[in-house]
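Have the structure open while you read.

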Amino acid sequence: MTNKAVDTSPQLYARIGGVLYLIIIVIGFCSEFFVRDKLAVSGDVTATANNIMASESLWRISIAGDLILLVCAVPLTLILYVLLSPVNKHLALLAVFFNIIEFPIEAVSKLCLFAALFLSGNADYLKAFEPHQRHALVNISLKLHDYGFGIDLVFFGFACLVYGYLLFRSGYFPRTIGVLMAIAGLSYLTNSFTLILAPAYAGRIFLILVFALIGELSFCLWLMLMGVNVQRWKEQASAARA
């Protein structure tokens, strides 16, 4: 029984990791496209502020969902380290460090969403500002969130590049998954640095993140449905220990 538990442990890690990854993808997609994109009206800060105030509960739920996303990302990072460290322990640890930097940046950026919510309200302390001033501050808060998220994705993009390399070299995951994850990393980096260096073009290349979604979703589904080649994982793990 003990040997069997040891043999199946990487497969169990893969299944759990796949489920966590799917939760992260679904929450991230819903928060971005079904909440923020629906409530934020491009070029109309007043309508955006009114929408946020009218849908306060939905706005708060999306923020809570983003925090749950981050909670799921922490054990997923550990699981990916366990699964990929037999390939190269130092590179697997490097990916962990990229994520350790990424997580607090993303968490802090959610404060900007709260700021947008507060500024959209009717609290007494907001009477010090004219409505158009408050609405402008709402717009600034949302932009700060977008830039915070872009900075966050720089570190995640490099983590994806490392994961892609490790997956490609593993021998117990398909090389195609490694290539797709590397493309996902490049997509995130291209999007983020365009936002930082040439914001006028950020909207035009936003669709490049479709490649990131394809790469991450492919890896997620492979973890859930196929897992790892346990025998090859054990061989790599034994060689790494040796």
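Is Leu-213 buried, partly exposed or exposed? This is a predicted model, and in it Leu-213 comes out as partly exposed, because its relative accessible area is 34%, between the 20% limit for buried and the 50% limit for exposed. Leu-213 sits in helix H7. If you look for Val-108, it is 105 residues away from Leu-213 in sequence, and the two C-alpha atoms are 24 Å apart in space.

Now for helix H7 itself. H7 covers residues 209-225, and with 17 residues at 1.5 Å a residue it should span 24 Å; the C-alpha atoms at its ends are 24 Å apart, so the two values agree. Its buried residues are Leu-209, Ala-212, Gly-215, Glu-216, Phe-219, Cys-220 and Leu-223. Looking down the axis of H7, you find these buried residues within an arc of 125°, which means they line one face of the helix. After H7 comes Gly-227, with a positive phi near 70°.

Elsewhere, helices H3 and H4 pack against each other.

| Item | Value |
|---|---|
| Helix H3 | residues 56-84 |
| Helix H4 | residues 89-119 |
| Packing angle of H3 and H4 | about 175° |
| Distance between the axes of H3 and H4 | 10 Å |

With angles over 145 degrees counted as roughly antiparallel, H3 and H4 are therefore roughly antiparallel to each other. The residues of their contact divide into 19 nonpolar, six charged and two polar.

How values were computed. Residues are numbered from 1 along each chain as its sequence is written. This is a predicted model: local features need pLDDT of at least 70, side-chain atom pairs count only at pLDDT 80 or more; totals for chains, interfaces and linings use all residues. Side-chain values use heavy atoms; hydrogens and water are left out. Helices (H or I, at least four residues) and strands (E, at least two) are DSSP runs, numbered from the N terminus. The expected span of a helix is 1.5 Å times one less than its number of residues. Buried means under 20% relative accessible area, exposed over 50%, partly exposed in between (1.4 Å probe, protein chains only). The arc is that of the directions from the helix axis to the C-beta atoms. Axes are lines fitted to C-alpha atoms, for helices over the stretch in contact, and angles run from 0 to 180 degrees between N-to-C directions. Angles under 35 degrees count as roughly parallel, over 145 as roughly antiparallel, 65 to 115 as roughly perpendicular and the rest as oblique. Ala, Val, Leu, Ile, Met, Phe, Trp, Tyr, Cys and Pro count as nonpolar, Asp, Glu, Lys and Arg as charged, and the others, Gly among them, as polar.
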